[in-house]
Amino acid sequence: MRAARLMSLVLLLQARGRMTATELSRELEISERTVHRDVLALSEAGVPVYADRGRGGGYRLLDGYRTRLTGLDRAEAEALFLSGVPEALREMGLGEVAATARLKASAALSPGLRDAPATAAQRFHLDAPGWFASERPPPTALAPLARAVWGDHPVTALYLRAARSHPAEQTGQTGQTGHAAARRRLEPYGLVLKAGVWYLATRSAIYRVDRFDEVELHPALRFERDGAFDLAAFWSEKSARFANSLLTTDVTVRLSPAALRLLPVVADRAALDDALASAGEPDGQGWVTLRLPVESLEVAYDQVLRFGPEAEVLDPPALRTRVAGAAARMHDLYDPSGGSGGSAG
């Protein structure tokens, strides 16, 4: 730990020139007293670190001194390519490795380019989770799974399968939580962060990381990775199949031109292409009848209500009756002649 900190201190001075003890302590997240001790240790080891006294002083390296510590090791090089998602790196336990990699890369740049990392950081930032999503701590299983992914190490894990899960998953015995639980030997191929939720990909299946109750890493073992495996393509195919698998029923609706414009916002993305393909020709009022795949009639009810008076349910009858009831209650609420004020339903 201290060796990495000393190296980071040297790289900071090499990349930025003169820095005060306060600036170094802030960058390295240590006390100023520790900075002074580290500088003394570097000097005793032969690294030419000098202190400039007085106003505007600080620590600097001897002019022209270049450390040979700028070569990236494998973990640092891999982490550097993920530096655009700093929160994800921290959750996987790679924050310190990535910081060291960035320092090494910065130290290796020519003087005219050393402001490039700061310039990019001031102009671009990735915030992956959606709006209004509460911030959650990373799953406890994430760090060991990340180590397994980086090192191609197998794991033995207890997975709790919810009532609705990815279709590639299999049920096991029932655990105390009420979820189906199964202990599995897995070969972790990759991790995917989707809308703030982590998923683990094996060669043939996808698992939510927050449903792993126990993860035992086998660091002495390595599995043979399929060199043709494409994580992005695998995720795209599996997630599309999962989304389509949820659309278990259809409803027939008649939509106004305004509702048609709203359809991509209201309908499930996986249902949109099929819905538009089923659309008939507009009638005399410009309304279009189409078949909308939905997850359930309960979901369909919520979706249709979002269209307001721009949509009419034609089938199934039960859904049409329920939406008509909601419309009648809404009419009562807004009836200027003094309706009943609504009723329970």
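How many bridges join β10 to β12, and in which sense do the two strands run? The tour below reaches the answer at its second stop.

**Before starting**

This is a predicted model, in which local features need pLDDT of at least 70 and side-chain atom pairs count only at pLDDT 80 or more, while totals for chains, interfaces and linings use all residues. Residues are numbered from 1 along each chain as its sequence is written, and side-chain values use heavy atoms, with hydrogens and water left out.

Display the whole chain. The chain holds 13 helices and 12 strands; helices (H or I, at least four residues) and strands (E, at least two) are DSSP runs, numbered from the N terminus. Of its 345 residues, 36% count as buried, where buried means under 20% relative accessible area, exposed means over 50%, and partly exposed lies in between (1.4 Å probe, protein chains only). Contact means heavy atoms within 4.5 Å. Among contacts between residues at least 6 apart in sequence, 63% join residues at least 24 apart.

Two packed helices are described by the angle between their axes and the distance between the axes. Axes are lines fitted to C-alpha atoms, for helices over the stretch in contact, and angles run from 0 to 180 degrees between N-to-C directions.

Select residues 2–16, which form helix α1, and residues 21–28, which form helix α2. The two axes come within 11 Å and cross at roughly 125°. That makes α1 oblique to α2; angles under 35 degrees count as roughly parallel, over 145 as roughly antiparallel, 65 to 115 as roughly perpendicular and the rest as oblique. The crossing of α1 past α2 is right-handed, a term that applies if the near helix is turned clockwise from the far one by less than a right angle, left-handed being the anticlockwise case. Show the side chains next: R5, S8, L9, L12, L13 and R16 of α1 meet L24, E27 and L28 of α2. By class, this contact has 5 nonpolar, 1 polar and 3 charged residues. Here Ala, Val, Leu, Ile, Met, Phe, Trp, Tyr, Cys and Pro count as nonpolar, Asp, Glu, Lys and Arg as charged, and the others, Gly among them, as polar.

On the α1 side, the contact is made by R2, R5, L6, L9 and V10, and on the α3 side by T34, R37, D38, V39, A41 and L42. By class, it has 6 nonpolar, 1 polar and 4 charged residues.

Select residues 249–255 (strand β10), residues 288–294 (strand β11) and residues 311–315 (strand β12). Strands pair if DSSP finds at least two bridges between them. The 3 strands form an open sheet in the order β11-β10-β12, with antiparallel pairing. The edge strands, β11 and β12, each pair on one side only. From one strand to the next, the twist averages 35°.

The opening question can now be answered: 4 bridges join β10 to β12, and these strands run antiparallel. L255 stands opposite A311 in β12. Helix α12 (residues 297–307) packs on the sheet and touches β10, β11 and β12, its direction making about 15° with that of β10. Helix α13 (residues 317–334) also packs on the sheet, touching β10 and β12, and its direction makes about 145° with that of β12.

Now turn to β11. Strands β10 and β11 are joined by 7 bridges and run antiparallel; V251 stands opposite L292 in β11. Strand β11 is mostly covered, with 5 of its 7 residues buried.

Select residues 190–194 (β6), residues 206–208 (β8) and residues 197–201 (β7). This open sheet of 3 strands has the order β6-β7-β8 and antiparallel pairing. β6 and β8 are the edge strands, and the twist averages 30° from one strand to the next. β6 and β7 pair over 5 bridges, and K194 stands opposite V197 in β7.

**Last stop: F234**

Select F234, in helix α9. Is this residue buried or exposed? At 11% relative accessibility, F234 counts as buried. Leaving aside its neighbours within four places in sequence, F234 is in contact with A201, T202, R203, S204, A205, I206 and F229. F234 and A201 are 33 residues apart along the chain, and their C-alpha atoms are separated by 8.5 Å.
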